[in-house]
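Me: I have a structure open and want to talk through how one of its chains is put together. Can we start with the domains?

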Amino acid sequence: MIDPLTRREFIALSAQAVSLCAAGHLPLLAADASGTGAPLATDAVEPIDGYLSSFRPVKPQAKLPNTLEYAMVMWQGRDVKGTGKTRNGIRGSARVRRAERADAVEYEVRLRHSAEPAERVTKYECSRNELGTLKAFRSYHRSQKGLKERSTDTGQFTGKQLRLSGTSRPWTIEEPLLDAWFIPFLLMRKQLPNAIRVTCVSEGTAVLLHQWINKRSGAKIPIADGEVLPMQVWSRHGPGTLPVHYLLDESGLPQLMTAGIMSWALKSVG
Amino acid sequence: MPTPNIVFVHVDQMHHRAISALGNKHVKTPGFDTLMREGMHLSRVHASNPVCCPARSSWWTGRMSCEHRVIVNGVPMEHGMEDVATWLRSKAGYENIYAGKWHVPGRSVDRCFKVIRRGSGQGEYTDAVVTDTAVAYLRRRKPGKPLLMSVGLLNPQDCCYNAGALGGIGKYGYAASIRQELPPLPENFKVEQRQRRPSVEGWSDRDWQYYRYCYFRQVEMVDAQVARLYEAVRKMPDADNTLFLFASDHGDGLGYHGHTGKGYLEDEALRVPAIAVWPGRIKAGSKSDVLASQIDFAATFCDLAGVPQLPNTPIARSLLPALIDQKQEWRDHVVAENGIEVVIRDDRHKSYFDEKKGLHRLFDMQDDPLETRNLATGIDPAAVKERHWGWFRKYAGTVQLSKSDDGLKAAMNREHRGRMSTRPAGKIRKGVERLERVRRWYPKVAAGEIGVERD
C-alpha cells in the first residue's frame, strides 16, 4: 500500500507543480521560454503562496534606491477546501530610508501596524564602513487611536558594547551590528560574500545575536498575470528569529521578504 | 508598607524547560535567565487544565475548569464567577491595566481592567507592539494607587501554525540547510504516541527537529519582550514594592511522547514555567519546589493585597509564604483535569484517572520523569493508588461543579458562524460533552459509587 500524503506534503507538492507549470517544465501552462535550471523556492514563499498571484513587482530604477517601502503581508491560514494556498492580508507597512552623509550613513525605519494601530519610527546613525554598521539609534513608539502610550528607546554601540536605554546591562557584540531592516539595502550591493554573520537589532528593541545571512540558489516565482519572476534568494537564520528569506529580482531589488506569520512585499522605491 | 503592585506577565504555550538558565542548550533566553537570577523559580507549577481559555480562566478566578465551566477553548465562563482583578479593584483600590491576549470567554477584559492594547492572534505580529504599549505605560506611570498590571504575550504559541491542523506553515524544507543546528528529539519521543495529531502524521524525524528548532526561536522572540517589560518594572519608582510574576498558561508537546500542542495531561503540556521577582522580599536566585497550580495565582494576589480570598476557592493556596521563605504547611498533591482525564500529582507519583477505566496510568516521576513506564498494572504501587484515589474523591467532593448551561448554545452558534481557517470547528460541542462527562463522573467518585479500578 502506498503511504498517503500528509496535507503538508500535498500542499508543498501542489505548490511545486504550480511553479513547474508556470515555469514551463510541465506541459499544462504556457512555458517561460527563458529556460530551466532555477530550483523552486517553495519554502521561501510558503507563507505567501496564495498572495503571489496578486503580486506585481516594482520596476527597478536606473540607480540604487534610497527608499524602500513594503506592505506587511500577514499569513491567515490556508484555503484548505479550495486552492490549498495561503490566505494573506495586508496588516501594515514599513518604509526604510537610507541617506549617505559625509561621515556617516543614516537610516530611518517607519513601521506601521494597522490591525492594532501603532507606529515605531527609528533613526539610525551608522559607520561608513563595508557593512554600514550601526553606531547609535533613537526609536520612537506611539499607539494610535487616541491612546496616550508613547515612548522612546535609544541605543549606543561603542567598542564592542551595545547599550540600550531599556536595559540595564550592556550587550557584548562580537560581530558587525545592523538593524534587520538594513539587510535589504545590504543585499542590493553587487559584491557580497555568500555567507555573512552579523548581529541584528530589531527595531531598536530586541538584539538578535549570531545571525547567518546566506546566499541560496536562484528561484522562479510565479506571480500575477501568470508571470514567473526569476529571483535571487538569500536567507537569514539565528537566535530570536524564524528563518527569513529575501527574494531579489534580477536587478537586485529586494521584492519580497518572508518570515513566519509576517512577510513583506515591495510597494514602491524612491 | 503600601499595598504592593502586581505585574503579571504571561506567555502562551511555553514548555517549562525552555529556559537556558535551566540548562537547556537549544535556546538562549537572557531575559528569563535574568528573572531566574533575580527572583524565585517556581519549579512545579501545573496548569489547572492545559489549554488557553481554561487555564486563563483558572488563574483569574482561582477555580478549576469543572467549576468555572471553561473546559475547552471557547466555552464561556459561568455567570457570577468572581475574578481576582475586579476583586482587588473593589476591595483594595487597585488600578487594573491590561495589554495583550486575554482569552477568557464569557468575561469581558474591559469589565476587569482598563485595556491599553489588545492583542491579535499571532505573537510575531503583536507581541512587540503590546510590549511597546505596556512599557510606555510603565514609564509614564506615577506611584499612587496600587497597580495590578497584566500583559498577555502570545509566543511561542505561533508554533501552532507550524503544525496546524489545516496545512500549517513553517518552511520545513529549510531544515536541510541547518541540519547541524537542529535540536535532538526528546528521549521519550517514540515511547507512546496515543494522541498524535493528524496534522503531524508522516513527519520525518527531521521535521520534528525543525519544529523544535522553530519553537525555541519563538521562545527567544518572546523572551526579548518579557525582558523589556521586566526592565521597565525595575525602573519604576516603586519597583521595590512590586511583585513581578511571569508564567505561561500551559506548555507544548515539543516532541515529548510524540506530541505537539496542548490539551493532554502529560508534563510537557501540564507544567508551566513560573518565576517571581520582588526585590528585597523574594530571595534572588532561589527556587521553590512546592506543588502549585495556576489557581494559586489568584489566592496569592489576594494575600498580597491583604484582602479576603475569593469566595468558593477552598483548593487554591497563596504562594506568598513560599515566595518570601516563610515556613508553612503545604498541600501534598495537586490536581489537574481536562474533561477526559484527571491527574493527581504528589511529590513522587502521578496518576491518571478516566471515567471508564479508573486509574489507568501511574508513573514514578522521580525515577521516570518522562512518563515512559506505566506502573498502573503493577502490584507494588497499591498504596499509592489508594492514596491518589482518596485525593481524587476528596477533590470531586470539594469542587462546586458548574451546573448552568446558560450561553452555551449561543457560543456554539457563534463558533459555527465565525469558524477560523486555522483550526477545526466543533470545539465548543466537544467542551459540552466534556462538561457532561464531568457532571456525571465526579459525583459518583465523590459518593464512592465507583472504585479506583474498573474493567
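Me: Which domains is chain B divided into?
Reply: In this predicted model, chain B is divided into domain 1, covering 5-327, and domain 2, covering 336-446.

Me: And how many Å separate their centres?
Reply: Taken over C-alpha atoms, the centres of domain 1 of chain B and domain 2 of chain B are separated by 21 Å. To the contact between them, domain 1 of chain B contributes 37 residues and domain 2 of chain B contributes 34 residues.

Me: On the domain 1 side, which elements give two or more residues?
Reply: Those are α3 (65-68) and α9 (267-270) of chain B, and α3(B) gives the most to that side, with four residues.

Me: What's the split by class there?
Reply: The side of domain 1 of chain B that touches domain 2 of chain B has 18 nonpolar residues, together with 13 polar and six charged ones.

Me: Switching to the whole chain, how many helices and strands?
Reply: Chain B has 14 helices and 15 strands. Its radius of gyration is 21 Å, close to the 23 Å that the globule rule gives for 455 residues, so chain B is as compact as a globular protein of that length.

Me: What share of chain B is buried?
Reply: Of the 455 residues in chain B, 58% are buried.

Note on methods:
Residues are numbered from 1 along each chain as its sequence is written. Chains are lettered from A and ligands numbered from 1 in the order in which they are written. This is a predicted model: local features need pLDDT of at least 70, side-chain atom pairs count only at pLDDT 80 or more; totals for chains, interfaces and linings use all residues. Domain bounds come from an automatic or database domain assignment. Two residues are in contact if their C-beta atoms, placed from the backbone, lie within 7 Å. Ala, Val, Leu, Ile, Met, Phe, Trp, Tyr, Cys and Pro count as nonpolar, Asp, Glu, Lys and Arg as charged, and the others, Gly among them, as polar. The radius of gyration is taken over C-alpha atoms; the globule rule is 2.2 Å times the number of residues to the power 0.38. A residue is buried if 20 or more other C-beta atoms lie within 10 Å of its own, exposed if 12 or fewer, and partly exposed in between; C-beta atoms are placed from the backbone.
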